[in-house]
Amino acid sequence: MDERYPIGTFQHDGGITNEQVEKWITQIEELPQQLRQAVDQLTDQQLETPYRPGGWTVRQVVHHLADSHMNAFIRFKLAMTEERPLIKPYNEGAWARLSDSSLPVEPSLKLIEALHVRLVTVLRSLTQSDRKRIFIHPDSGEVSLGKNIGLYAWHGRHHLAHIKSTI
């Protein structure tokens, strides 16, 4: 197993069915509870354990999920309200080294719980036409909202697997 990608990289080519989108949205909806269950009983020592040599600690992974999914929520809303918006990437590694990444995980767990309620509400309201809307990522190019739903479903499961492989 590649410790960087315990569930593999995100792969999806071709059409995106309504069933696939609903599966992805359900995975996004379930992440906050699964994340809380994975970290609720961890000690500070366990939270400070990197998921792989040179990787982030469990604590940093939890805070990263909050950071990343906040950015995703904004990207979805930009693409729904603007034509082909150019989004701004962020330096994930630098964000993971900022002082708020040393906080207890509870603020990020609460943030993810609240954010995912709003995110899932928006995602479930998207029509097939909406899912074809795109944003422009400076590195990745055009990204459809449909594909981005899948990417963030994968992203949550990817980092949950990192946490579970550590504990």
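How accessible is E106: buried, partly exposed or exposed? At 29% relative accessibility, E106 counts as partly exposed; buried means under 20% relative accessible area, exposed over 50%, and partly exposed in between (1.4 Å probe, protein chains only).

## Basis of the model

This is a predicted model, in which local features need pLDDT of at least 70, side-chain atom pairs count only at pLDDT 80 or more, and totals for chains, interfaces and linings use all residues. Residues are numbered from 1 along each chain as its sequence is written, and side-chain values use heavy atoms, with hydrogens and water left out.

## Salt bridges around R36

Ten salt bridges are present in the structure, a salt bridge being a side-chain nitrogen of Lys or Arg within 4 Å of a carboxyl oxygen of Asp or Glu. One of them joins R36 to E106, at 2.9 Å from N to O. R36 belongs to helix α1 (residues 18-39) and E106 to helix α5 (residues 106-125), so the pair ties together parts that are 70 residues apart in sequence. Helices (H or I, at least four residues) and strands (E, at least two) are DSSP runs, numbered from the N terminus.

R36 also forms a salt bridge with D40, with the closest N and O atoms 3.4 Å apart. R36 is buried at 18% relative accessibility, whereas D40 is partly exposed at 41%. A network of salt bridges links R36, D40, E106 and E113.

## The loop between α3 and α4

R84 lies in the loop between α3 (58-81) and α4 (92-96). Although not a glycine, R84 has a positive phi of about 50°. Its relative accessibility of 46% makes R84 partly exposed.

E83 forms a salt bridge with R133, the closest N and O atoms lying 3.1 Å apart. This pair links distant parts of the chain, 50 residues apart: E83 is in the loop between α3 and α4, and R133 in the loop between α6 (128-131) and β1 (134-137). E83 is exposed at 63% relative accessible area, while R133 is partly exposed at 23%.
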